[in-house]
Amino acid sequence: MKRVRRSQVEIEGKLRERTEVVEEDPSPPWDDRARLRVAGRPHPRLDGRAKASGAAIYTQDVGLPGMLHARILRSPHACARVLSVDASAALALDGVRAVLTQENAAAIPWYGGTTRLLERTVRYAGDEVAVVAAEDEETAEDALHLIRVRYARRRPVLDPGTAPRGGKPSVYTRGNARKAVSGAPVVVAGSYRTPAALHQAFETHGSVARWEGEHLTVWDSTQHIFGVRKELAAALGLPLHRVRVISTFMGGGFGAKNECGKYTVFAALLARRTGRPVRCLLTRAEESLAAGCRHATVQTLRLGARRDGRLLGIEHRSLCDVGAYGTDGPMPVGGPARTLYRCAAVRTEEVPVRTNTGPHTAFRAPGYVEGTFALERAMDRVAEACGLDPLEVRLRNYSPGDPRGFRYTRKGLRECYRIGAARIGWRRRARLGRRGTSLRGLGLASQVWPAGGAPPSHAVVKVNPDATAEVLIGTQDIGTGTRTVLAQIAAEELSLRARDVTVLLGDTGAGPYSLLSAGSLTTASAGPAVRAAARDARQQLEELATGLARGKGGRPGPREVCREIGDAMVIGRGARGPNPEGLKACSFGAHFAEVEVDAETGEVRIVRYVAVHEVGRVVNPLTASSQVEGGVLMGIGFALLERRIEDPATGRGIAVDLLDYKLPTALDLPPIEVLFVPGADPRATTIGAKGLGEPPIIAAPAAIANAVAHAVGADLPELPLTPDRVLEAIARGRRAP
Amino acid sequence: MPEARTPKKPRRARGTKSAVHLLLRVNGEDREVTTAPHRTLLETLREDLGLTGTKHGCELGECGTCTVLVDGQPILSCLALSADYEGREITTVEGMADGAQLHPLQETFADLGAAQCGYCTPGFLLTAKALLEEKPSPSREEIREALAGNLCRCTGYLKIYEAVEQAAARMREEGPRGGR
Amino acid sequence: MRAFEYLSPKTLEAASAAVRTAPEGARIIAGGQDLLGELKERIATPGRVVSLKAVPGLRGIREESGSLRIGALATVQEVAESPLVREKAPALAEAATSVGTPQIRALGTVGGNLCQRPRCWYYRLADFPCLKKGGGTCFAVEGDSRYHAILGGGPCHIVHPSDLAVALVALDASVEVVGAKGRRTIPIADLYALPAVDASRETTLAPDEIVAEVSVPAGARSAFRKFREKLSLDFAVVAAAVALGPKGPRVALGGVAPVPWRSREAEAALGAKPVTAESAAAAATAALAPAKPLKNNRYKVPLACAVLRRTILAAAGVADPGPPAPPATPAPTKKAGEDF
């Protein structure tokens with residue numbers, strides 16, 4: 001029975017009201033007593049061999065007969081009016097088949113209607129101006145250099161501190177925070193800054209478009225095939241059934257591939273115009289300029305506490321540089337301040353400001369990484385002001401429930417603290433100190449992230465005559481291991497081995513709708529849907545077994561039933577049930593870092609790292625530990641290395657390659673230990689699991705900054721912790737008493 | 001499979017830019033290619049020869065994703081002009097398996113979760129293959145050094161080290177196999 | 001990349017002639033590890049590319065009458081792994097080991113490493129018509145100068161990117177080049193000129209001159225150290241090489257100046273006496289005394305000071321007692337509100 005209700009759902013840290021179709025899922029949750037054979041055990045990726053043999057076809061690898069190659073001309077100016085675009089020389093070049101400009105391209109609204117596909121006003125250096133389709137990449141690139149554009153330049157706005165508002169601030173209050181902080185015996189105040197950071201997935205954004213009559217097929221490197229279908233169909237004015245989006249394998253997204261890109265529409269328009277398939281892939285420089293970023297923040301934070309370290313009030317305000325367009329408003333930078341600690345008086349405010357820089361987008365735990373850095377830095381300062389151990393201060397402010405007034409399905413943060421502190425030897429902290437030019441420090445940080453998943457997600461399970469099964473679902477595997485985890489879940493319910501199950505995903509033409517692969521949603525949303533579908537199939541098999549039961553032979557097993565019914569196959573269907581009313585499902589974690597700081601050079605070396613997470617049941621410990629290791633390393637990058645850089649005069653991106661945009665290498669990886677709090681969370685989902693995609697990055701920059709602050713004896717107010725900033729902090733630490 | 005295309009000559013007064021005819025030795029086979037002199041080895045492999053296992057990462061030699069072997073040594077195919085590599089033995093990920101039998105590294109990368117999104121995997125595999133051919137029992141430190149030119153944005157490298165170590169152990173036990 | 005003509009002559013002389021006669025400019029390609037990037041960004045648009053792959057006899061590393069002779073096409077990896085280099089010119093082996101990544105060291109050549117173009121982001125991006133590209137402005141002055149020169153800068157403020165050159169300057173190497181007028185040998189320091197001479201290039205070579213061989217006096221005690229933000233795939237923020245040879249100490253810094261920077265101040269401070277912790281610290285301070293940082297790179301002064309002090313001690317085999325107290329690293333003098 002389906003019904004409709006209004007419901008609140010928290011996706012990517014943002015609470016949203018929405019209308020929800022509720023389809024109850026009668027599956028009894030897999031709790032700690034459930035005896036599982038396949039789910040919950042390590043399993044190699046089912047697509048591991050395809051990837052390791054080079055056979056896996058990514059969007060970048062799709063080649064079609066007659067395919068043309070598109071390249072995009074981008075504005076070199078951060079703010080300008082396009083006076084004219086003359087593409088005649090480009091069109092005259094051998095091999096050029098079409099050029100799209102504002103003159104001849106449909107005026108398709110973009111970025112929430114704030115601009116159009118190709119507009120007369122360009123608002124950041126990298127904004128799209130024209131697109132060329134040619135017989136090969138080199139010719140398309142040659143053609144870009146032949147397009148003559150006249151610009152009337154304007155002075156760009158680059159400093160978020162003085163930039164105009166870019167939308168409504170997002171304000172949350174409980175109690176009177178200002179009064180509570182001002183009256184508190186201990187007040188810690190500070191300003192913390194985080195940079196714009198780039199996802200830098202190794203497969204750049206890109207699409208291949210092909211028309212067959214009225215039907216459009218698009219291969220796209222995306223985290224949301226159904227989202228791309230919807231946006232693309234709307235942009236082109238097509239009915240949904242004539243658009244098919246495929247993403248079989250994709251080379252990383254991290255939040256930058258949640259939506260339909262302009263490049264997808266360009267490919268589709270040029271393919272229609274030329275009657276040929278068209279491929280439009282971004283270069284690495286374009287990826288750095290125009291494919292989204294974690295938005296920069298300037299956060300001001302005031303914590304008021306009693307002398308025993310108990311929080312009385314939190315005031316948190318963040319300026320969020322959403323860039324030239326950013327339509328999704330500011331990210332939830334205040335999320336950790338709102339929910340991590342017990343505190344009666346809290347005010348958070350996220351203020352979007354608009355600069356002439358590349359638009360922001362979601363990036364792995366958007367807002368929470370930045371907000372956790374500021375909050376956890378300040379919590380260490382509260383501990384210092386009260387003469388307490390940082391872990392003790394966190395325990396004194398522990399909130400068993402969501403302090404906004406919800407209960408949690410489960411909260412394992414206390415166990416995370418306990419396990420991690422023991423593992424890293426937290427008690428040594430007070431004894432660490434200086435040896436020669438080496439300063440040692442130990443830091444920790446806590447993490448919360450809404451990760452219970454949500455409907456809608458639908459799945460179909462087909463059982464074959466040989467008792468193998470296929471799962472059809474319109475989700476996508478962005479590298480996390482979704483294929484494998486869903487196969488494990490179906491296999492568990494059907495009493496099969498995971499390798500007897502094939503999961504067909506990443507194709508809007510094959511599987512029913514499932515949510516985007518973002519917000520740590522996938523396992524907790526698609527997983528229960530697959531389980532429900534597999535359970536439906538199993539129940540049908542059992543009913544058939546009863547019908548087929550005869551005389552002394554007794555009741556046939558599922559394998560015999562399949563053989564018996566042959567091609568009259570059993571098809572199960574299932575949907576993700578509703579989230580429990582009044583309960584919040586979050587993943588938790590605590591990270592511990594030990595660092596060595598070179599007092600003379602400012603170099604930070606992480607000598608040990610312990611990451612502990614509580615995510616309910618870990619469906620596949622092999623893929624989960626990899627997810628945590630990678631998340632921690634990405635967090636290390638954000639803590640120590642990564643930052644988008646614009647030229648302060650022109651606003652042009654200047655760190656647009658992977659030399660200047662610095663990603664951690666194999667040699668920058670410290671020893672990382674990954675631990676999970678055991679046990680399922682059966683109140684969160686029927687599979688007892690919660691999301692894990694984002695949690696591993698959230699606490700890492702804060703834990704590292706806290707360790708460095710401990711080592712140098714001074715606050716670190718800005719990321720990344722580059723040598724200049726660390727040397728400056730060391731100098732401040734030395735001057736401090 | 002990408003179709004083979006005859007490169008188009010830009011219509012521009014820049015002297016004669018004839019196409020070059022190359023005889024490349026790829027994965028043990030001689031392959032004839034007619035291509036532009038300014039094609040990189042990466043583009044030739046992917047666009048002219050349809051060997052899409054080698055991936056584009058950054059185009060500037062700063063990520064290792066496009067690594068292939070030349071005479072057994074890992075190099076960046078995005079920073080190599082095809083014309084410079086005539087007569088050299090080029091190995092791509094497609095040349096690692098022996099028929100249906102995957103190379104031990106391919107097996108352990110798959111089994112131990114070293115391929116997450118999988119996009120950087122072919123580059124890592126070839127770099128690791130060169131390492132194990134030179135040092136059958138590398139230490140963890142030697143593996144780190146050898147792989148320091150291949151970036152991975154998903155895994156955090158640990159699973160990759162483990163896969164290389166286990167493949168090394170397997171290869172020592174089993175002795176040389178047919179794979180290239 | 002713009003289309004070009006590809007030639008592969010069999011002698012250096014023919015290669016030089018092929019460059020000289022190119023109607024639309026030519027570039028030499030050896031390992032290609034730097035050139036390909038320039039071609040792709042279209043900051044180099046030669047009509048002809050001349051490959052050295054067919055020129056024989058440019059690869060070996062051998063010892064001859066007290067000097068190491070290293071062919072220009074010897075790869076960086078071959079230098080890093082050469083037992084001869086490791087023993088007789090350790091600073092050079094250490095510098096080679098620190099270059100790029102294993103893949104880049106495999107193809108990158110000694111000649112190419114010495115002649116590579118700067119990594120300055122304003123130079124590398126076609127959208128900035130900087131001095132080095134024939135424009136009128138050094139964008140680093142008003143722009144983001146965190147990795148730019150603190151010594152010898154102006155009017156262009158790049159830092160020279162070669163690690164090998166820093167070691168070779170300290171080791172008092174010389175370079176043999178081949179061009180229209182035949183062969184000539186020059187001290188490595190004379191291979192480079194400051195932008196005040198000609199901002200459009202870093203070397204003193206004529207366009208058709210090609211590095212053929214590097215000669216390194218063998219046997220001096222030497223060391224090289226490099227500070228970078230990442231432990232692989234990164235250029236030096238600061239590098240230092242020190243050689244203690246029979247003619248006295250030679251000190252070079254990398255990552256701080258538009259050329260590999262020889263510090264006569266540091267050499268004078270060390271003098272002919274045995275190196276001590278105090279003299280090393282004094283020499284490092286002396287080397288950085290003339291530093292003139294830009295807006296964003298003041299931090300490189302104490303950083304270079306520290307790296308140099310440690311490199312001197314490493315070359316001399318003196319244990320590092322840490323910086324002298326009060327700290328040799330001056331507390332950065334930061335004005336309130338200034339972007340550090």
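Begin by picking out two helices of chain B: α2(B) passes α5(B) in a right-handed crossing. (A crossing is left-handed if the near helix is turned anticlockwise from the far one by less than a right angle, and right-handed if clockwise; helices are DSSP runs of H or I with at least four residues, strands are runs of E with at least two, and both are numbered from the N terminus.)

Before going further, know that this is a predicted model, where local features need pLDDT of at least 70, side-chain atom pairs count only at pLDDT 80 or more, and totals for chains, interfaces and linings use all residues. Residues are numbered from 1 along each chain as its sequence is written, while chains are lettered from A and ligands numbered from 1 in the order in which they are written.

Now show side chains. On α2(B), the contact is made by Pro104(B), Leu105(B), Thr108(B) and Phe109(B). Across from them, α5(B) brings Ala163(B), Val164(B), Gln166(B), Ala167(B), Arg170(B) and Met171(B). (Two residues are in contact if their C-beta atoms, placed from the backbone, lie within 7 Å.) Colour this contact by class and you get 7 nonpolar, 2 polar and 1 charged residues. (Ala, Val, Leu, Ile, Met, Phe, Trp, Tyr, Cys and Pro count as nonpolar, Asp, Glu, Lys and Arg as charged, and the others, Gly among them, as polar.)

Next, zoom out to the whole of chain B. How many helices and strands are there in chain B? There are 5 helices and 5 strands, and from the N terminus on they run β-β-α-β-β-β-α-α-α-α.

Where they touch, 15 residues of domain 1 of chain B are in contact with 13 residues of domain 2 of chain B. On the domain 1 side, β3(B) gives the most, with 3 residues. By class, that side has 6 nonpolar, 8 polar and 1 charged residues.
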